[in-house]
Amino acid sequence: LEAAERRLSQADLRGWLMAGACVLCLAQFTWIWYPPRHHIPTQTDRRAWDRFMEIAAGYPGEVYMPFHGYLLSLVGKPTHAHQAAIRDVMLHDYGTVDDDLTAEIARAMKSRRFSAVVRDVGIRPFWPDDAGWPFAGRRTRPERVYVPVTARDRGG
């Protein structure tokens with residue numbers, strides 16, 4: 001009888017420990033909870049991104065967007081290396097890899113491979129004042145588009 005009581009009390013203790021662990025887990029989830037509505041784009045954000053994507057899709061051929069290149073895949077355009085990956089190669093000593101990469105980028109620009117290059121700096125032609133910012137990560141958005149200039153554009 002005494003052994004059965006001891007087993008019962010050990011089982012009770014185990015049950016209480018499990019219940020306590022569950023309560024602590026629920027308390028932790030309550031403590032770290034945040035409202036996801038802060039990460040849902042507003043209608044203004046949505047319209048601004050839709051307009052930007054229409055503009056990007058309107059350029060013929062390839063567009064180079066080194067900061068948000070994945071967006072180009074949404075409009076059927078090829079994607080290219082992200083600026084952070086290029087910077088990592090340039091900042092580390094990989095033998096001739098950084099020189100080869102610099103030469104490849106220069107060749108692409110000189111040959112006018114891209115009908116537009118979109119950067120995250122400068123003026124804001126696409127965005128209402130506070131629209132289009134990402135909800136996580138670095139606070140950047142595409143803001144300037146460079147297009148090749150032809151001799152005709154220069155008056156020649």
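This is a predicted model: local features need pLDDT of at least 70, side-chain atom pairs count only at pLDDT 80 or more; totals for chains, interfaces and linings use all residues.
Phe52, by contrast, counts as buried, with a relative accessibility of 1%. Both residues belong to helix H2, which spans residues 43-58, and they are separated by three residues, or about one turn of the helix.

Aromatic pairing was examined next. A pair of aromatic rings is described by two quantities, the distance of the centres and the angle of the planes. The count of aromatic pairs comes to two. In one of them, the ring centres of Trp49 and Phe52 lie 5.8 Å apart while the planes stand at 90°, so the arrangement is edge-to-face; an angle over 60 degrees is what places a pair in this class.

The rings of Tyr64 and Phe114 have their centres 5.2 Å apart, and because their planes meet at 25° the pair is stacked, the cut-off for stacking being an angle under 30 degrees. Tyr64 is placed in strand S1 (residues 62-64) and Phe114 in strand S2 (residues 114-119), so that the pair links distant parts of the chain, 50 residues apart. Tyr64 and Phe114 are both buried.

At the level of the whole chain, four helices and three strands are present, and their order from the N terminus is α-α-β-α-α-β-β. Of the contacts between residues at least 6 apart in sequence, 49% join residues that are at least 24 apart. The chain has 156 residues, of which 22% are buried.

On the surface, a nonpolar patch is formed by Phe29, Trp31 and Ile32, whose accessible area together is about 430 Å². Ile32 is located in helix H1, which covers residues 2-32. With a relative accessible area of 46%, Ile32 is classed as partly exposed, because this value falls between the limits of 20% for buried and 50% for exposed residues; the value is also over the 30% that is required of a patch member.

Key:
Residues are numbered from 1 along each chain as its sequence is written. Side-chain values use heavy atoms; hydrogens and water are left out. Helices (H or I, at least four residues) and strands (E, at least two) are DSSP runs, numbered from the N terminus. Buried means under 20% relative accessible area, exposed over 50%, partly exposed in between (1.4 Å probe, protein chains only). Contact means heavy atoms within 4.5 Å. Patches are made of residues with over 30% relative accessible area and no salt bridge: like charges are joined within 9 Å, nonpolar side chains (Val, Leu, Ile, Met, Phe, Trp, Tyr) within 5 Å. Accessible areas come from the Shrake-Rupley method with a 1.4 Å probe; for residues, only the protein chains shown count as cover. A salt bridge is a side-chain nitrogen of Lys or Arg within 4 Å of a carboxyl oxygen of Asp or Glu. Rings of Phe, Tyr and Trp (its six-membered ring) pair if their centres lie within 6.5 Å; planes under 30 degrees apart count as stacked, over 60 as edge-to-face and the rest as tilted.
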